[in-house]
Amino acid sequence: MSTTPSLEALLRIGPFHAALRAAIRRRGLTLERLRTRLAQHDVAVALSTLSDWQQGRVRPVSPKSLRAVAVLEDLLDVPPRSLRTLLEQTGPSGWPDVVPGMMPGFDANDLEVVARHDRVFVDADRHATRAEVKMVVRAHTDGVDRYNAHYYGDDVVRVTHEPLRNCRAGQTVLEDRTTVEELLFDRPLRLGETWVFEYTIHDPTRVDSIEYAHGVRCFLAQSLIEVHFDPAALPADPHVYLQDWEETEPHRTIDLSLDHTHSVHHFESNVSVNWVGIRWSWA
């Protein structure tokens, strides 16, 4: 089951392609119908180009393309210049060029996360002490050779990332409630090349856990989160939530039930909201 993020939030913070896609969905238009309406305004845009724009594969930058975006704002009934402002204020990926926790020599726009699978383990003391992460990424330029793994929490000083496959540890940066660790690939990637790697997050802080989520910087084709609970500490009210960065409260979307292994999971495709996660409470 998939959900639709807040269009209003996307128009404020982007990324452009996610805001465009959400606006098209709200209007209930197919890309073919949208192409026809653009043509009626003497704006010729190929169907493949519209698809690339809403998937984040290509950004409209030419004067002709920007004119098409201006017409799209009217056809999609969004505020004037809202889509064009997102293009003007953001970097190549659709997000701001400066990203907190980035280390010298790493540009987050150069690497796309295609798929992510997190397995979280909550112990009998209600602590999420371990999370196993498998990722598939794609290089947007030649020479990409690392990924910056972020972890957010109340006490992250002792949190570590253990490389398991196709990566090794690099530098570590601590910023307030965030730890960022470089995971270095075995070799530089070529433009368009994909890379699969795995690592484990160890969190020994012994804080009661009530949620697990991961952030989506741009567009994520596949997201799978599993949370495994110890039989001695079963949660109440597990559910899925989505949240944009500028929103103060998450959106509850799907109620979950524990399976026979005392676990819950959520699979989401075509994710463009900034946070997707699973939350629970303790009786």
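Predicted model: local features only at pLDDT ≥ 70, side-chain atom pairs only at ≥ 80, totals over all residues.

Author: Helix 5 covers residues 63-75, 13 residues in total, and spans 19 Å from first C-alpha to last, close to the 18 Å you'd expect at 1.5 Å a residue. Its buried residues are Ser65, Ala68, Val69, Val71, Leu72, Glu73 and Leu75. On spacing, an α-helix has 3.6 residues a turn, so residues three or four places apart point the same way. Just past the end of helix 5, Asp77 has a positive phi of about 60 degrees.

Now over to another aspartate. Asp123 sits in the loop that links strand 1 (111-122) to strand 2 (128-139). With a relative accessibility of 19%, Asp123 counts as buried, because the cut-off is under 20%. Beyond its neighbours within four places in sequence, Asp123 touches Thr129, Arg206, Asp230 and Ala233. With one of these, Arg206, there's a side-chain to side-chain polar contact at 3.3 Å. The C-alpha of Asp123 is also 6.4 Å from that of Phe229, although the two residues are 106 apart along the chain.

Last stop, a sheet: three strands, open, ordered 3-6-5 with antiparallel pairing. From one strand to the next, the twist averages 25 degrees. Strand 5 pairs with strand 6 (residues 178-189) through six bridges, in the antiparallel sense, and Glu175 faces Thr178 of strand 6.

Note on methods
Residues numbered from 1 in each chain as written. Heavy atoms only, no water. Helix = DSSP H or I, 4+ residues; strand = E, 2+ residues; numbered from the N terminus. Expected span 1.5 Å × (residues − 1). Buried < 20%, exposed > 50% of the residue type's maximum accessible area, 1.4 Å probe, protein only. Contact = heavy atoms within 4.5 Å. Polar contact = N/O pair within 3.5 Å; in protein donor to acceptor, adjacent residues only side chain to side chain. Pairing = 2+ DSSP bridges. Axes fitted to C-alpha atoms, helices over the stretch in contact; angles between N-to-C directions.
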